[in-house]
Amino acid sequence: MTELFTPSWIEQWFHSIQTSDAYKKEAKDWNQSVLLKFHPVPTILLQHNALGFFLDLRYGECHELRYATESDLDTADIILEASEADWRQLLEHGGDPLFFIMKKRIRLIRGGLVYLSTQRKAASALLATATVSGTADEARSAAPSLSDLWSAVKSTVASGSSANSTASQNSNGARTVSHQPESRTGFVTTGRGLDRQSVPMALFQKSKTLGIWNPAEIDLKKDRDQWEDFSKEEKGLLHHLSAMFMAGEEAVTLDLLPLIRTVAAEGRIEEEIYLTSFLWEEAKHTEFFDLYMKEVMGSPQNLESYHGPMYRILFYEKLPNALNALWTDSSPAAQLKASATYNMIVEGTLAETGYEAYFNMLEERNLLPGLREGITYLKRDESRHIAFALHFLGRLLAEHPSLTGYLEEELGILLGDATNIVHEIFDRYGDEVPFGLDREWFLNYAVKQFQNRIQKLGLG
Ligand SMILES: [Fe+2]
Ligand SMILES: [Fe+2]
């Protein structure tokens, strides 16, 4: 195999891009030059007076691929900077550069996150061509399946659990695990006692004070008056965002139960106690938006028309699938996937970004005080939900470190779903989005939140 980063490797990569049908298809709209910058610059590049690689990419074609020099720093449309180890990983094994940016392993020195996130498949296809021997495809096909991972960790599944787990093979050959309601050997409260220092119990204490608010008691009079003065476009945007929040809150209310049942079956009483308040809060969020839509926004007939195809992939399919899978498979991998989908992406990336943008947009204009009051309480509730998720995912990763790669892979895919939804929201509007909502702000805030979370989990 040709040694990476040598002149003959560059030649092979160039040829591979030019002959890749996958790249031609995915990159048909790409029209930017890219500098892949190394920091620090490794010896193999210093020998060629290079600081990385320069690619001139135009509509599925590569016009030029060569060592990059200082002068390219002034002209390249996009500059991405990473260490030699990270470029080696991406160029040898392929991958999703946007996810590397999220993990702060690639720095976006120049270029827009919006452009890169819309061209995400093109970037992955480009990197796949770098492995002229097809290593990327081999690496992907060699990746362990969920059932392999389950097998690898099943010996530890039941450790620390007070309930017995039973594993079986169903007619499709897929592993299933279920926790049978068997007789118990004792109780936590009459034994060691509740762990009041634990994260879930600390969060439960907060829920009992900060989580007490009543949607029905929020004064909506000013909101009703102001609503009448909005333009048709402004009302449309408020209906649009609210229709997404309403269904999102209903979805997380409907879908949490399998996770509560899973921790209960494992005898994790502190986690179950906290999750009772979590579910109650989601129910209240659902009630709040339903009430606000009826009382202020007039309940138009066609609210579901605001749920585009990308929104439907996550909220109509992936979220219920990931959570309801726990009824028949409550393995650690299935729990990680459920929490990654529900907490990290739906709550932690999309809802948090959406609520922040919604709140700021209204506060800057001193609009809809009742809606802002509700969102203030709701954001406070959501911050506890995320804190629980970090505890929950952190615990699972500490117990099953072999699943770290699996979680990262799932998060990478889900992050793509989330950014697709952001683009879908803005694609309905031209350059002028009512209330000055800004796509770049949305994506940057979502990225920042996501980066914080994966850093706290020790990923990346
Ligand atoms: Fe919520
Ligand atoms: Fe939540």
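Trainee: In this predicted model, is the crossing in which H16 passes H17 left-handed or right-handed?

Mentor: The two elements concerned are helix H16, which covers residues 309-324, and helix H17, which covers residues 332-364. In the predicted model, the sense in which H16 passes H17 is left-handed.

Trainee: Which residues of H17 make the contact with H16?

Mentor: From H16, the contact is made by Leu 314, Lys 318, Leu 319, Ala 322 and Leu 323. By class, the contact of H16 with H17 has 7 nonpolar, 1 polar and 2 charged residues. On the side of H17, the residues are Lys 337, Ala 338, Thr 341, Tyr 342 and Val 346.

Trainee: Is H16 roughly parallel or oblique to H17?

Mentor: Two packed helices are described by the angle between their axes and the distance between the axes. Here the axes of H16 and H17 come within 7 Å and cross at roughly 140 degrees. Angles over 145 degrees would count as roughly antiparallel, and the crossing at roughly 140 degrees therefore makes H16, relative to H17, oblique.

Trainee: How many Å apart are the end C-alpha atoms of helix H13?

Mentor: Helix H13 runs over residues 232-255 and has 24 residues, so that at 1.5 Å a residue it should span 34 Å. The distance between its end C-alpha atoms agrees with that expectation, at 34 Å.

Trainee: Which helices do the buried residues of H13 pack against?

Mentor: The buried residues of H13 include Leu 237, Leu 238, Met 244 and Phe 245, and among them are also the charged residues Glu 249 and Asp 255. The helices against which these buried residues of H13 pack are H15 (269-297), H16 and H17.

Trainee: Is Leu 368 buried or exposed?

Mentor: Leu 368 is found in the loop between H17 and helix H18 (369-399), and it has a positive phi of about 45 degrees although it is not a glycine. Because 26 other C-beta atoms lie within 10 Å of Leu 368, the residue is buried.

Trainee: Is Tyr 59 buried or exposed?

Mentor: Tyr 59 has its place in the loop between strand S2 (52-58) and strand S3 (61-68), and although it is not a glycine, its phi is positive, at about 45 degrees. Because Tyr 59 has 11 C-beta neighbours inside 10 Å, it counts as exposed.

Trainee: Which peptide bond is cis?

Mentor: The loop to consider is the one between strand S1 (31-38) and helix H3 (43-46), where Pro 40 lies. With omega near -5 degrees, the cis peptide bond is the one from His 39 to Pro 40.

Note on methods. Residues are numbered from 1 along each chain as its sequence is written. Chains are lettered from A and ligands numbered from 1 in the order in which they are written. This is a predicted model: local features need pLDDT of at least 70, side-chain atom pairs count only at pLDDT 80 or more; totals for chains, interfaces and linings use all residues. Axes are lines fitted to C-alpha atoms, for helices over the stretch in contact, and angles run from 0 to 180 degrees between N-to-C directions. Helices (H or I, at least four residues) and strands (E, at least two) are DSSP runs, numbered from the N terminus. Angles under 35 degrees count as roughly parallel, over 145 as roughly antiparallel, 65 to 115 as roughly perpendicular and the rest as oblique. A crossing is left-handed if the near helix is turned anticlockwise from the far one by less than a right angle, and right-handed if clockwise. Two residues are in contact if their C-beta atoms, placed from the backbone, lie within 7 Å. The expected span of a helix is 1.5 Å times one less than its number of residues. A residue is buried if 20 or more other C-beta atoms lie within 10 Å of its own, exposed if 12 or fewer, and partly exposed in between; C-beta atoms are placed from the backbone.
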